[in-house]
Structure formats: structure tokens, C-alpha cells
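Me: I've got a new model open and I'd like to learn how to read it. Can you walk me through it, one feature at a time?

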Amino acid sequence: MATRQGNPRPRRAEPVLITEAQVSQVDQHAARKKRYAITMLVRTICLLFAAVFYQTVWLMIILAVLGTVLPWVAVIMANDRPPKKRQEVNRYTARPDRQLESRPHRVIEG
């Protein structure tokens with residue numbers, strides 16, 4: 001069995017984007033679940049701080065309203081798919097020394 005000595009090109013962790021394809025459904029779903037979990041964590045923290053600061057009425061009201069509204073916001077954000085990203089597509093461009101020479105094309109009529 002032959003072995004390679006040395007690695008001339010290091011491998012990249014992520015593949016290079018060569019198409020205009022969107023992010024996969026699995027990746028979109030994972031990002032939405034993460035965003036939902038973070039929003040609900042912020043809601044829990046708001047409600048806990050509202051209970052801690054019950055003596056400061058204005059702060060308690062603000063935190064309680066945030067704790068009440070954030071579940072609705074979390075559901076709306078989790079059900080919405082991400083907007084399409086405007087990316088520059090990585091297209092192949094041949095080096096000048098590797099391009100074929102351009103010749104006039106022969107047209108056959110008849």
C-alpha cells in the first residue's frame with residue numbers, strides 16, 4: 001500500500017460554495033431551534049428578575065411585560081425561515097495560460 005509523504009494542500013473545514021444553493025433544511029431548523037431556545041432563556045431571566053425586583057415597580061413591570069411578550073416573538077421567529085443571503089458565488093475562472101485559444105467557428109449550411 002502506497003502512502004503519501006506530506007500533504008501539499010491542507011483541507012478546509014468547510015466546503016467551498018460553488019452553487020447558489022440555499023442552506024439545507026436541517027441547518028435552517030437547527031438555527032431556528034437555537035434562536036428559540038435563546039429567546040426563551042431571555043424570557044426566563046426577565047421573569048426571574050421581575051420577581052427579584054418586585055420593590056422597584058417600574059422595573060418589575062418592564063421585565064414582566066418582556067417576559068410576557070417574548071414567547072410570542074420566539075414562536076414568530078422560529079416559524080419564519082431566514083432571508084436569502086446575498087452571496088458572491090465562487091465561480092471557476094481559468095488562468096490565462098490554461099484557456100483554449102479562440103478560433104472562428106465554421107458554419108456548415110445546407
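This is a predicted model: local features need pLDDT of at least 70, side-chain atom pairs count only at pLDDT 80 or more; totals for chains, interfaces and linings use all residues.

Me: Where does Val65 sit, and which residues form a nonpolar patch with it?

Reply: Val65 belongs to helix H2, which covers residues 57–79. The nonpolar surface patch consists of Val57, Ile61, Val65, Val69, Trp72 and Ile76, and together they have about 580 Å² of accessible area.

Me: Why would residues with that kind of spacing end up on one face?

Reply: Here's the general idea: an α-helix has 3.6 residues a turn, so residues three or four places apart point the same way. Now look back at the numbers in the patch, from Val57 to Ile76.

Me: Okay, and how many helices and strands does the protein have?

Reply: The count is 2 helices and 0 strands. The other helix to look at is H1, residues 25–52. H1 has 28 residues and spans 41 Å from its first C-alpha to its last, close to the 40 Å expected at 1.5 Å a residue.

Me: Which residues of H1 are buried?

Reply: Those are Gln28, Arg32, Thr39, Met40, Cys46 and Ala50. H2 is part of what covers them. For the protein as a whole, 11% of the 110 residues count as buried.

Me: Take Gln28, then. Why does it count as buried?

Reply: Buried means under 20% relative accessible area, and Gln28 has 7%, so Gln28 qualifies. Gln28 also shows how sequence and space can part ways: its C-alpha is 7.3 Å from that of Arg81, although the two residues are 53 apart along the chain.

Me: Last one: how many aromatic pairs does a search of the whole structure find?

Reply: The search finds 1 aromatic pair. Phe49 and Phe53 form it, with 6.0 Å centre to centre and 40° between the planes, which makes the pair tilted. Phe49 is partly exposed at 42% relative accessible area, and Phe53 is partly exposed as well, at 35%.

Notes. Residues are numbered from 1 along each chain as its sequence is written. Side-chain values use heavy atoms; hydrogens and water are left out. Patches are made of residues with over 30% relative accessible area and no salt bridge: like charges are joined within 9 Å, nonpolar side chains (Val, Leu, Ile, Met, Phe, Trp, Tyr) within 5 Å. Accessible areas come from the Shrake-Rupley method with a 1.4 Å probe; for residues, only the protein chains shown count as cover. A salt bridge is a side-chain nitrogen of Lys or Arg within 4 Å of a carboxyl oxygen of Asp or Glu. Helices (H or I, at least four residues) and strands (E, at least two) are DSSP runs, numbered from the N terminus. Buried means under 20% relative accessible area, exposed over 50%, partly exposed in between (1.4 Å probe, protein chains only). The expected span of a helix is 1.5 Å times one less than its number of residues. Contact means heavy atoms within 4.5 Å. Rings of Phe, Tyr and Trp (its six-membered ring) pair if their centres lie within 6.5 Å; planes under 30 degrees apart count as stacked, over 60 as edge-to-face and the rest as tilted.
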